[in-house]
Amino acid sequence: MMATVRYMVGDVQRALDFYVDRLGFEGTQEMLPAFASVRRGDLQLWLAGPASSAARAMPDGREPSPGGWNRVVLEVDDVAALVERLRSSGTSFRNEIISGPGGKQILVEDPDGNPIELFEARRNG
């Protein structure tokens, strides 16, 4: 089963490059400059730019925009190593790595401020 998530972005090519080059997604479709899609495992991510139909204003005048708090979660084997690699490439984070009962997590931002949670599950043993 595949999950599909749509993120609003300001520049589709920039977002596409970020997800493919920095987070290991595979590009699956491009309709630039309006739209692109990428895949990682069972996650399909739709990147919708200002020229896409998803960016049209709602009947009450609200306009979809990037950067909220809902997020996709990418499970990783070594969050600290990935954070170090992403920081060295100039990637922005909303916080530092935190530990909880289930593991470690941090929020990284794509170029448009959309959050991605990097999550390393707690290892038993």
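**Entry 1: what sits on H1**

I looked up what covers the buried residues of H1, and the cover includes E1, E2, E3, strand E4 (43-48), strand E7 (103-109) and strand E8 (115-121). I take contact as heavy atoms within 4.5 Å. Helices here are DSSP runs (H or I, at least four residues), strands are runs of E (at least two), and both are numbered from the N terminus. This is a predicted model, where local features need pLDDT of at least 70 and side-chain atom pairs count only at pLDDT 80 or more, while totals for chains, interfaces and linings use all residues. Residues are numbered from 1 along each chain as its sequence is written, and side-chain values use heavy atoms, with hydrogens and water left out.

Which residues of H1 are buried? For helix H1 (residues 12-21) I get Val12, Ala15, Leu16, Phe18 and Tyr19. Buried is under 20% relative accessible area, exposed is over 50%, and partly exposed is in between (1.4 Å probe, protein chains only).

**Entry 2**

I find four strands in an open sheet, ordered E1-E4-E3-E2, with mixed pairing. Strand E1 (3-8) and strand E2 (26-31) are at the edges with a single partner strand each, so one side of each has no neighbour in the sheet. The twist averages 20° from one strand to the next. Angles run from 0 to 180 degrees between N-to-C directions, with axes fitted to C-alpha atoms.

How many bridges join E2 to E3? I get five, and E2 and strand E3 (residues 35-40) run antiparallel. Two strands pair if DSSP finds at least two bridges between them. Glu26 is opposite Arg39 in E3.

**Entry 3: the core**

The largest nonpolar core has 26 residues, and Tyr19, Leu23, Phe25, Leu47, Ile116 and Leu118 touch the most other members. Such a core is a set of buried Ala, Val, Leu, Ile, Met, Phe, Trp, Tyr and Cys residues joined through side-chain atoms within 4.5 Å. H1 gives the most to this core, with five residues. Beyond four places in sequence, Tyr19 touches Tyr7, Gly24, Phe25, Val38, Leu45, Leu47, Asp110 and Ile116.

Is Asn114 buried or exposed? Asn114 is in the loop between E7 and E8, and at 4% relative accessibility it counts as buried. The Asn114 side chain reaches the backbone oxygen of Met8 at 2.8 Å. Beyond four places in sequence, the contacts of Asn114 include Tyr7, Val9, Pro66 and Gly68.

Gly68 is in the loop between E4 and E5 and is partly exposed at 39% relative accessibility. Its C-alpha is 9.6 Å from that of Tyr7, 61 residues apart along the chain.

Pro59 is in the loop between E4 and E5, and I note it as exposed, with a relative accessible area of 87%. Pro59 and Leu32 are 26 Å apart, C-alpha to C-alpha, and 27 residues apart in sequence.

Conventions
A polar contact is a pair of N or O atoms within 3.5 Å; within protein, one must be able to donate a hydrogen and the other to accept it, and residues adjacent in sequence count only if both atoms are side-chain atoms.
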